Amino acid sequence: MKIGVLGAGQLGRMLALAGYPLDLEFVFLDPAADACSASLGTHIREPYLSEAALARFCASCDVATYEFENVPAHTAEVVGASVPLYPPAMALTVGQDRLNEKKLFDSLGIPVPRYMPVAARGALDLAIRNVGLPAVMKTRSLGYDGKGQAVLRKPEDLDSAWQRLGGAQPPHTPCLVEAFVPFERELSCLAVRGRDGEMRFYPVVANVHRDGILRVSIPQDHDPLQSQAEDYARRVAEKLDYVGVMAFEFFVAGGQLYANEIAPRVHNSGHWSIEGAVCSQFENHLRAVAGLPLGSTAARGYSAMVNFIGRAPETAALCAIPGVHVHHYGKSPKPQRKVGHATITADGEAELKSRLAQLVALVESVA
Ligand code: AMP
């Protein structure tokens, strides 16, 4: 079976690496010259809106999926009309727009930080009166890894944040403002839903971000919020008639979950599952979209994942750490860019802690 993937970044690359043992083949559509999945399948290097490229893409695959959520709506429509597209286009419509996401969470009874849409400078003052300070202003779409965000701490921050995110001149970029959550932890819940509606959940993952970029993910053993996170993820996945892996990011404040956002795709906070779970998020996503039975989401021992941001340590230095599994993405070094990751595995918590400390020290030493 040939899987068509919209996007050919590192997520596409790891999907293909998981898919070949299942006898799956891959075709990628991505305009980037340096797309890092290119060597793992056929790469159609054309714009997402090229009708000729879309026709070629659809003719070359049996089922299609995507590895980033900013696939243009028209692309999803054209692909979905020609081949089965999973997750469904509705998941993209929701995942691309922070306001749509929050409205969906609200409608499903999932707690969210207080928020208000902001389409003009005047509306920002009103939003802050409702939401209070500190607050976080975000563009409704196209933000990632902390881009398209500003923390508002005092009234004087509003003008510059609006100029930067909303734009000095009309047409303004639609934004929203949400309450700053003084979170104790950030958790994500990765769920997979098959074509038949069966759902499985990975252990929730504790995530550490810096400058809005994920640095470290640690799957949690029997977290007290596991079943609550699963319940919220199930509500969203069922509402969207979802197929594939979905990541749901939460803040934990006062011991309660508050929804931040969903990603309708495999996710960085699930990379640990390649070595740390019985069936990885990549394999399970492919099993779901290909209509195969789902694999076990159970953890195998203890594990943690560390991202390489900007540049990666030397492979030899990484390999010297016991229990390490190295993943380079084939990307050139660049500040703030995710160029790879490593997962540490261990038999016990104490061993994991000491190996993780070594890995973090090495990664930080080259950052
Ligand atoms: P996001 O792109 O929404 O996932 O935001 C990136 C990171 O910024 C999050 O993982 C948090 O660490 C931080 N952040 C975003 N929104 C808020 C918020 N409302 N309160 C506190 N921190 C936030």
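What follows is a short chat about a predicted model of a protein with a ligand.

Visitor: How is the protein divided into domains?
Guide: The domain assignment gives domain 1 (2-85), domain 2 (114-179) and domain 3 (185-366).

Visitor: How far apart do the centres of domain 1 and domain 2 lie?
Guide: Their C-alpha centres are 34 Å apart.

Visitor: On to the ligand. Which residues are closest to the ligand?
Guide: Lys138, Gln149, Glu178, Val181 and Glu186 are the closest, out of 14 residues that surround the ligand.

Visitor: And which domains supply that shell?
Guide: Domain 2 (114-179) and domain 3 (185-366) each give at least three residues to the shell around the ligand.

Visitor: What does Glu186 do with the ligand, in distance terms?
Guide: An N or O atom in the side chain of Glu186 sits 2.6 Å from an oxygen atom of the ligand.

Visitor: How much of the ligand does the protein bury?
Guide: The protein buries 91% of the 470 Å² that the ligand exposes when taken alone.

Visitor: Which elements give two or more residues to the shell?
Guide: Three strands do: strand 6 (135-139), strand 8 (175-179) and strand 14 (256-263).

Visitor: What about Arg98 and Ala179? How far are their polar atoms from the ligand?
Guide: For Arg98, a polar side-chain atom lies 2.9 Å from a ligand oxygen atom. For Ala179, a polar backbone atom is 3.0 Å from a ligand nitrogen atom.

Visitor: How do the shell residues divide by type?
Guide: The shell holds 6 nonpolar, 3 polar and 5 charged residues.

Visitor: Now the backbone. Where is the peptide bond cis?
Guide: Pro87 is in the loop between helix 3 (73-82) and helix 4 (89-95). Another cis bond runs from Pro170 to Pro171, with omega near -5°. Pro171 is in the loop between helix 7 (157-166) and strand 8.

Visitor: Last one. What is phi of Asp23?
Guide: Near 70°, a positive value in a residue other than glycine. Asp23 is in the loop between helix 1 (10-19) and strand 2 (25-29).

Conventions:
Residues are numbered from 1 along each chain as its sequence is written. This is a predicted model: local features need pLDDT of at least 70, side-chain atom pairs count only at pLDDT 80 or more; totals for chains, interfaces and linings use all residues. Side-chain values use heavy atoms; hydrogens and water are left out. A residue is near a molecule or strand if one of its heavy atoms lies within 4 Å of it. A polar contact is a pair of N or O atoms within 3.5 Å; within protein, one must be able to donate a hydrogen and the other to accept it, and residues adjacent in sequence count only if both atoms are side-chain atoms. Accessible areas come from the Shrake-Rupley method with a 1.4 Å probe; for residues, only the protein chains shown count as cover. Helices (H or I, at least four residues) and strands (E, at least two) are DSSP runs, numbered from the N terminus. Ala, Val, Leu, Ile, Met, Phe, Trp, Tyr, Cys and Pro count as nonpolar, Asp, Glu, Lys and Arg as charged, and the others, Gly among them, as polar. Domain bounds come from an automatic or database domain assignment.
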